[in-house]
Amino acid sequence: MVIAASSLGTVFEWYDFYLYGLLATTISAQFFAGVNDTTAFIFALAAFAAGFAVRPFGALVFGRIGDLVGRKNTFLVTMGIMGGSTFAVGLLPNFATAGVLAPILLVTLRVLQGLALGGQYGGAATYVAEHAPNHKRGLYTSWIQTTATLGLFASLLVVIGTRSWLGEAAFASWGWRVPFLASVLLLGVSLWVRLQLNESPVYARMKATGNVSKAPLTEAFLRWGNLRIVLIALFGAVVGQAVVWYTGQFYALFFLEKTLKVDGMTANVLIAIALALGTPFFVFFGWLSDRIGRKPIILAGCLLASITYFPLFHALTQAANPALAEAQAKAPVTVYADPATCSVQFDPIGKNKFDRTGCDVAKSTLAKAGVPYASQPNGNGEVSIGTQKVEVGELSGYSKRLGAALTEAGYPAKAEDARINKPLVVAILFALVLLVTMVYGPIAGMLVELFPSRIRYTSMSLPYHLGNGWFGGFLPATAFAMVAATGDIYYGLWYPVVAAACTFILGLLLLPETFRKKIED
């Protein structure tokens, strides 16, 4: 009952949070319409990341409350904030109606959601772990780990169902609001379930014996013994877990939809299938960590991710948009231009139309079309497409001529549904999700076991949300900005590859094994 109640509430909170991520393309059009398409999408991802930016602060605020007054009441507060903010997103005016006020209101609600989620995870993991037998803690807490994927899976189903019911035109216009508004029903159910819970036995004993911390923040972060473990947990485990998680579930979805031009409905269905196949492995790796330890499974997942990401995403391009892969191989694109005449294809104030130089027009056209390109320093912005060369000529017509040349060379405007190798795409996405389950399945058990019970909620929440909120949450926006700046559709993968490799090395050297530790102390 404890696992089911904690998991249900956490599924709902993740459902709320992921709706925004799944609808990033639609939201970029609704709330950031005053800038070019590439910048609007990066802005939408940055607004998504804003919720992650404040998660560590939520961890400090609600972690402290959880250690001072108990786990159960903190659950109810975070649930109310999260649910109310999500419902309100469905009521917001868009950019066409309210102008710049619309994205400001959106970011405000994302911040409130991030604060609430910052206090949620540590409480759920601590609550379940403090009920679990010592030899089954990895198994029991792994059910909490499935909730993030189940929440994403549930939101995928709602989005797919709404899109099918209303049609793409109505969904893009107003139907995207329906999944947010419908969340109020889930909020009522989740609050009722959590009200049925009692306080955890470990916390109840601490309270009865007067052993509750009076200053959990001071104990957790101003005493070197505990702060050292916080830093090791962050850089030796959570950073790698976070980038693998967000690459395997979020960046993969954005890559399919935005870079490979796969239809949004198709991309959602394919990743939903992969998630359904992969989710049981959270529990499997949690169970396995009770037998062989948490550390080897987490670090093996980080190592495999750093080795396989580039070949997996190259294979994803071949399977999801073979026409793009064929055109790239047959007619690679190169922009020849003096770097001094080129702007980075990211416009934070929405004023640059990238139409003043040949280089800007070329790179802007290629970025909007999702066409990868290389750069050479000598030239005025002309573009070679295989053996064909497109000269700048009259600047006002350059974009149109370049687009026609790309079409002639076989570069597709979007992925052709009939040519998508859907079983192979699902297999590749499943491989990415499997890496997620390796790093994420055992992480809750390890974090709970690293810290003493009197400051456990506070201590484990901060490294978890620093890693997942900052290193993981900023990954999609940062990676796409890296792609926009270089023209290399795979360049953004260097972010998770380097982070996962660093975590593997630091974890191997510094991270202690915890799976035989008792947590009553």
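Visitor: How far is the sulfur of cysteine 302 from the closest cysteine sulfur?
Guide: Quick heads-up: this is a predicted model, where local features need pLDDT of at least 70, side-chain atom pairs count only at pLDDT 80 or more, and totals for chains, interfaces and linings use all residues. Residues are numbered from 1 along each chain as its sequence is written, and side-chain values use heavy atoms, leaving out hydrogens and water. A disulfide is a pair of cysteine sulfur atoms within 2.5 Å. The closest sulfur to that of cysteine 302 sits in cysteine 502, too far for a bond, at 11 Å.

Visitor: Is cysteine 502 buried, partly exposed or exposed?
Guide: Buried means under 20% relative accessible area, exposed means over 50%, and partly exposed is in between (1.4 Å probe, protein chains only). Cysteine 302 has 0%, which makes it buried. Cysteine 502 has a relative accessible area of 41%, so the word for it is partly exposed.

Visitor: Which cysteine is joined to cysteine 342 by a disulfide?
Guide: The structure holds one disulfide. Its sulfurs are 1.9 Å apart, and the partner of cysteine 342 is cysteine 359.

Visitor: Where in the chain is cysteine 359?
Guide: Helices (H or I, at least four residues) and strands (E, at least two) are DSSP runs, numbered from the N terminus. The disulfide of cysteine 342 and cysteine 359 is right-handed, with 110° about the S-S bond. It links distant parts of the chain, 17 residues apart: cysteine 342 is in the loop between strand S1 (333-337) and helix H18 (358-369), while cysteine 359 is in helix H18.

Visitor: Of cysteine 342 and cysteine 359, which one is buried?
Guide: Cysteine 342 has 21% relative accessibility, so it counts as partly exposed. At a relative accessible area of 0%, the buried one is cysteine 359.

Visitor: How many of the residues of S1 are buried?
Guide: Val333, Val335 and Ala337 point one way from S1, whereas Thr334 and Tyr336 point the other way. S1 is largely enclosed by the rest of the structure, because the buried count is five of the five.

Visitor: Which residue of S3 is the bridge partner of valine 335?
Guide: Two strands pair if DSSP finds at least two bridges between them. S1 and strand S3 (residues 380-385) run antiparallel and are joined by five bridges. In S3, threonine 334 has serine 384 opposite, and the bridge partner of valine 335 is valine 383.

Visitor: What is the order of the strands in the open sheet?
Guide: On another side of the story, S1 pairs with strand S2 (residues 374-376) in the parallel sense, over three bridges. In that pairing, tyrosine 336 stands opposite glutamine 376. The sheet has four strands with mixed pairing, in the order S2-S1-S3-S4.

Visitor: How many salt bridges does a search of the whole structure find?
Guide: Another of them joins glutamate 168 to arginine 163, with 3.3 Å between the closest N and O atoms. Glutamate 168 is partly exposed at 37%, whereas arginine 163 is buried at 7%. Over the whole structure, the search finds eight.

Key. Salt bridge = Lys/Arg side-chain N within 4 Å of Asp/Glu carboxyl O.
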